[in-house]
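Start by looking at the model itself.

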There are 2 protein chains.
Amino acid sequence: MAFDDLKHAQRERLIFLDRCLTWRGMANRRDLIARFGISSAQAALDFRLYLECSGKTPPIYDSVRKTYLAAEAHKPLAPSSLTEAFETVLNPEDDATAILPPPLRRADPSVIASLYQAMRAKQAIHVRYTSMTSGADGGQWIAPTHFTSDGESVHVRAFSYKHRQYRDYLPIRVGADSTFETRPLSEPLPWDEDWNTRARVWLRPKSGLTREQASAVRREYGFEGQLLCVETRKALEYYLDRRWGLNQNGARLERVKTDYDKLPSDCSRAAVIE
Amino acid sequence: MAFDDLKHAQRERLIFLDRCLTWRGMANRRDLIARFGISSAQAALDFRLYLECSGKTPPIYDSVRKTYLAAEAHKPLAPSSLTEAFETVLNPEDDATAILPPPLRRADPSVIASLYQAMRAKQAIHVRYTSMTSGADGGQWIAPTHFTSDGESVHVRAFSYKHRQYRDYLPIRVGADSTFETRPLSEPLPWDEDWNTRARVWLRPKSGLTREQASAVRREYGFEGQLLCVETRKALEYYLDRRWGLNQNGARLERVKTDYDKLPSDCSRAAVIE
DNA sequence: GCAATCCGTATAGTTTTTGAACGTATAATT
DNA sequence: AATTATACGTTCAAAAACTATACGGATTGC
């Protein structure tokens, strides 16, 4: 089980192999060769190493089908989601046409870089920002603290000196004609309450569904009991309804309640309770 | 410019470096070392190689800031989207709490593997499928042809012998209690019309927006003229409204029309037209 | 029976990477 | 003003990773 103290490159290959066996249920040297451009000899070594690492449930070579097959009770070395699996192992030839194109939001790398460097250097930066509601401003000082993602767009969380509060900014709306002048913070930034508060949003199958439908919803979202709990930062909670489609007609989940507490260290994943 | 005939591992490192310089505007050996676990000497070699590859606009070492800075007119070696950039380079320490948790759909790898192997072997496979509308069936033969993604879930496209047509199946709704028995195709599968038809969906800023708002929408979606064209396979078109939020209250784009034609070879990306 | 395609192993040679040394420049600390 | 720390760069021998090639075994398909 020397898996963790492998070199980066070889670990990458074993992870790929692991995904092949987990999601395809089969793997060949050829897969490694095609993916990483290594020699057949090296691929053989990788296989041998994988067999060692796989412990109690090693894949077995099926000489009839001329391929390795995952064991009945195969345990992945490095668990992955179906989406990750699709991207790495299920979509042959990385066929882009098998994916519905996402709304692609352009972004100017040099604007992002300006914001990033201000964040890293803990400086304030002067930007012109166009909000959808109030239109373009004449320029303001903000102090970026984090990049975040709501699953659709990337945001910059920053303290706004104009509004005296933390806000989410869309990089795309930062004018490329901003000065991007920077200045040191005059004083330490205030505490970001919403960022450091954990929101636990409790969901249940939408009322009105039949028993069968409700249980199908539970199966699809992977919870057994009455409620599904989604944890995130309070600062991101606003985006949850859209991300999970709760506000849509065909929604199959609805909110029950939300708890807030101080964020312990770090946690943000859907958890399954009772 | 020997970028393309590099070994996989080193190319990976140069791409990472490229993203640092593009989206952070800065890079250090330390970044490579932290990410790939290589030695300082090797990181120095990678930098040297990157400088060679970067042609007319090499990054410049700023001895005051003790870091490499991207050139004014920096050109990325391997372009990337903001989302990719966020995942690789903008989210420090891969802080999972900076991402709004997506609806995570469980999936049973062994079910996926059964479907995958039937697809690869061009076989039909027997499954019990539970649709949201008609409930569980008693088992049916399907012939999987592709895995696809609508950006939310992964689907299996398959020919259904029961319905005599191609359909999209959600792996999560394939009962784990299916037999997964397989059999060779009795005859070649029929032509998959919707899969092999290209849909061009034309969008424009939602009517009712002010001139300023419409132009903000154009900027955010990266098109200049009246219309934005999204290309995809007709088989995936159904999912487009949800993926792009066209059916939502706050939608800022609306459909104008859709063209169909025979799919040439492969194309599926948002393109910008007059 | 023969070719093709998987597997496994082994050896020798090449390439990549390391580790350690030594030197330069700048900024911060003492 | 001297010291420390952190960046950078180069060099070189040693170690590790990987390739190329060869050989042998099992199965399938023609």
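## Lining of the cavity

By class, 5 nonpolar and 2 charged residues line the largest cavity. The model is a predicted one.

Which residues form this lining? They are Phe159(B), Tyr161(B), Arg164(B), Glu187(B), Pro188(B), Leu189(B) and Pro190(B).

## Empty space

Rolling a probe the size of a water molecule over the atoms shows where empty space is left. A search of the whole structure gives 1 cavity of 30 Å³ or more. The largest cavity holds about 30 Å³ of space.

## Where the chains meet

How many residues of chain B are in contact with chain A? There are 69, and they touch 70 residues of chain A. About 6800 Å² is buried between the two chains. Carbon and sulfur atoms give 60% of that area.

## Polar links across the interface

The interface of chain B and chain A has 24 residue pairs in polar contact, both residues at pLDDT 80 or more. It also has 6 salt bridges. One of them joins Glu152(B) to Arg243(A), with the closest N and O atoms 3.3 Å apart.

Several elements of chain B give two or more residues to the side that touches chain A. Among them are helix 1 (8–24), helix 2 (29–36), helix 5 (109–120), strand 7 (140–149) and strand 12 (227–233) of chain B. By class, this side of chain B has 36 nonpolar, 14 polar and 19 charged residues.

Definitions and conventions. Residues numbered from 1 in each chain as written. Chains lettered and ligands numbered in written order. Predicted model: local features only at pLDDT ≥ 70, side-chain atom pairs only at ≥ 80, totals over all residues. Heavy atoms only, no water. 1 Å grid on protein atoms, 1.4 Å probe; cavity = no way out; pocket = protein on both sides within 12 Å on 5 of 7 lines; lining within 4 Å. Points joined across faces, edges and corners; volume = space filled by probe spheres on them. Nonpolar A, V, L, I, M, F, W, Y, C, P; charged D, E, K, R; others polar. Contact = heavy atoms within 4.5 Å. Buried area = accessible area lost by both parts, 1.4 Å probe. Salt bridge = Lys/Arg side-chain N within 4 Å of Asp/Glu carboxyl O. Polar contact = N/O pair within 3.5 Å; in protein donor to acceptor, adjacent residues only side chain to side chain. Helix = DSSP H or I, 4+ residues; strand = E, 2+ residues; numbered from the N terminus.
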